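This report covers a pocket and a set of salt bridges. Please look over the sequence and the model before reading on.

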Amino acid sequence: MSRFLSAGTVAFALLSAPVVVGAQDSEGFTWNTTTEVSYVSTSGNASSRTLGVKGSLEGEHAPHEVQFAVGGVRASSDVTSRRAVGTEDDFTVVETVRSETTAESYHARTRYDREFGRGFGFAGAGWERNTFAGVQNRFQIVGGLGRTFVRSETARFSLDAGLTYTIQKDVDPTPGSDDGFSGWRLSVDAMKSVSETSELSTELVVNNSFKDVEDVRADWLSSLSVSINSALALKSSLQLLWDNVPARVGVPLETPDGEPTGVEVLTPTAELDSVLTVTLVVRI
């Protein structure tokens, strides 16, 4: 996926409709759902399609809180090759169109929080796939403690730390490597209203492995939301995904003369991916 995201990708959401469910279930939970669907298409001399979907479900019944989130993005483009058949004065152009996936990433996460005063305990699990970054499947469970330092309608700041266990399956596994490893995770969640109509939020998650201290991964998401009116808002977000020890992918090996050897060698993918999104949010 790094080929698609490392330079930054701008996606304009055609539909993003948060729906708030005010009713409570039998256990007293209040549930809020948010759904975002974006689609970008180009055609003509160049043809490409990008589809992005995000959805979240949050339930709260003090002092309990549960969260579920899923999302994914897939981009493809049509590669056209042309050749002419005939003579210089009389020829026919033959076109061959091949569809090629240029980006693909999916995730699913769940988390449970239990507050006690300013502190809270939490447990969660998640799955993600990013084949262009060399990750076929990555599963992780986490549990730990945290503290909320600021919580109001205009500001929020919390910090938590926990222990993790991760199972990672790469697209091209390194021979003799261990798929499972334990580690630790640190995350920061913050929000601040910068005006009556705008809000700035940021979330940073850092993972590290006990097996390899250099294996550090960071996921930083920062967003600015500006309300246009009571029904519309414009939201821009920047996400940076950094992996100090990225997965490796197989690359065909050629001789210095350019002749294929029929052998593949493993080479690291890019350490940094970035995603820039601009979303029109419709409230109903």
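How do the residues of the lining of the second largest pocket divide into nonpolar, polar and charged? The lining has 5 nonpolar, 4 polar and 11 charged residues. Here Ala, Val, Leu, Ile, Met, Phe, Trp, Tyr, Cys and Pro count as nonpolar, Asp, Glu, Lys and Arg as charged, and the others, Gly among them, as polar.

## Basis of the model

This is a predicted model, in which local features need pLDDT of at least 70 and side-chain atom pairs count only at pLDDT 80 or more, while totals for chains, interfaces and linings use all residues. Residues are numbered from 1 along each chain as its sequence is written, and side-chain values use heavy atoms, with hydrogens and water left out.

## The second largest pocket

The second largest pocket holds about 500 Å³ of space. Its lining has 20 residues, and those closest to the pocket centre are Gln168, Asp170, Ser177, Asp215 and Val245. Strand E10 (residues 155–170) contributes the most to this lining, with 3 residues.

A pocket is an open set of points on a 1 Å grid over the protein atoms alone, where a 1.4 Å probe fits, with protein on both sides within 12 Å along at least five of seven lines; lining residues have an atom within 4 Å of a point. Grid points are joined across faces, edges and corners, and the volume is the space filled by probe spheres set on the points. Strands are DSSP runs (E, at least two residues), numbered from the N terminus.

## Salt bridges

The structure holds 12 salt bridges (a side-chain nitrogen of Lys or Arg within 4 Å of a carboxyl oxygen of Asp or Glu). One of them joins Arg111 and Asp113, with the closest N and O atoms 2.8 Å apart. Arg111 is buried at 19% relative accessibility, and Asp113 is buried at 9% (buried means under 20% relative accessible area, exposed over 50%, partly exposed in between, with a 1.4 Å probe and protein chains only).

Arg151 and Glu115 form a salt bridge of 2.4 Å, N to O. Arg151 belongs to strand E9 (residues 135–151) and Glu115 to strand E7 (residues 91–116), so the pair ties together parts that are 36 residues apart in sequence. Arg151 is partly exposed at 48%, as is Glu115 at 26%. Glu128 and Arg138 also meet in a salt bridge, at 3.4 Å, N to O. Glu128 lies in strand E8 (residues 119–130) and Arg138 in strand E9, so this pair links parts 10 residues apart in sequence. Glu128 is partly exposed at 28%, whereas Arg138 is buried at 8%. Salt bridges with shared partners join Glu60, Glu115 and Arg151 into one network.

Technical notes
Helices (H or I, at least four residues) and strands (E, at least two) are DSSP runs, numbered from the N terminus.
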